[in-house]
Amino acid sequence: MRFNRILLSSALVVVALVFQVSVLARLHLPGAVPDLLLLTVLGLALVYGHVGGALVGFGAGLLADLSPPADHAAGRYALVLCVVGYLAGLVKPENGRLKSATGTMAVVAAAAIGTTLLYAGVGALVGDTAARHVGLGGLLFTAVLYDLLLAPFVVPGVMALARRADNDPLAEAGSAAQGTDISEGWLASGTGLRIGGQRSGLRMKAARARTARAGRIKGVKRL
C-alpha cells in the first residue's frame, strides 16, 4: 500500500475505534454494538480492492483486539476483519465509485452477518461461548439493523476520502483532459455548433455552384 493510503487508513481506523468505544459502546443498546470500525473497513475495501481491504481489515481488527476494553484473545477480530475486508474488496465497483446504494447496503448487511458469525465461530473454537448466552439470533438482527442505519453516514464519506487521497496528479490531469474532450464532443453534437458546420457546408456548395455558373456563362460569351 502507498504511504497516503496507509496514513489515511490509520487515521480513519483510529477515529472509528475511539468513537465506537467511547460513544457507541456506552449507549447500551440492546443486542450488538454498532460496528463503526467494520463500516470504515468496508468503505476502504470498496476503493482499495481485496488486497488493500484485507490489510486494512487485519490492522483495524488487531488494533481493536489490543485496545481496552477488549476481553477476547488477540488476533480474533483481526482474522474476522481481514476476511471480511478481502471479500468486500472483491466487489469493488469500477473506479471506486458507487453506482447504486442498494448494492452497497447489501454488502454492509452481508458483512454484518458474516462478521457476527465468524466472530462467534472463532470464539467457539477457542472456548468463548458468550454469543450463546446473549443469543446469536438477536446479535445478528441488531448487528444488521444498526450497521444499515449507520452505513449511509459512514461508507460514502470514507470512500470519498479514500478516492481523494488516492488520486494521482497525472491521472487527474488525464481524466480532466478526457472530460474536456467528452464535453466538447457533447457540445458539438447537441448545441448548434453542428448546425453552424452544416451552414458553412451549404455556403461552400453555393460558392461552387456560382463558380460553375460563371464558367458556363463565360463559355457561352466566347462562342
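Tyr-77 is buried, with a relative accessible area of 9% (buried is under 20%, exposed over 50% and partly exposed in between, using a 1.4 Å probe and protein chains only). This is a predicted model, where local features need pLDDT of at least 70, side-chain atom pairs count only at pLDDT 80 or more, and totals for chains, interfaces and linings use all residues. Residues are numbered from 1 along each chain as its sequence is written, and side-chain values use heavy atoms, leaving out hydrogens and water.

**The aromatic pair**
- Searching the whole structure turns up one aromatic pair (ring centres of Phe, Tyr or the six-membered ring of Trp within 6.5 Å; planes under 30 degrees apart are stacked, over 60 edge-to-face, the rest tilted).
- Tyr-77 and Tyr-119 make up this edge-to-face pair, at 5.9 Å centre to centre with 85° between the planes.
- Tyr-77 sits in helix H3 (residues 76–90) and Tyr-119 in helix H4 (residues 101–125), so the pair ties together parts 42 residues apart in sequence (helices are DSSP runs of H or I, at least four residues, numbered from the N terminus).

**Around Tyr-119**
- Tyr-119 is partly exposed, at 24% relative accessible area.
- Arg-76 lies over the face of Tyr-119, 3.8 Å from the ring centre (CZ of Arg or NZ of Lys within 6 Å of the centre and within 35 degrees of the ring normal).

**The core**
- Leu-37 and Leu-42 touch the most other members of the largest nonpolar core, which has 34 residues (buried Ala, Val, Leu, Ile, Met, Phe, Trp, Tyr and Cys joined through side-chain atoms within 4.5 Å).
- H2 gives the most to this core, with 14 residues.

Notes. Helices (H or I, at least four residues) and strands (E, at least two) are DSSP runs, numbered from the N terminus.
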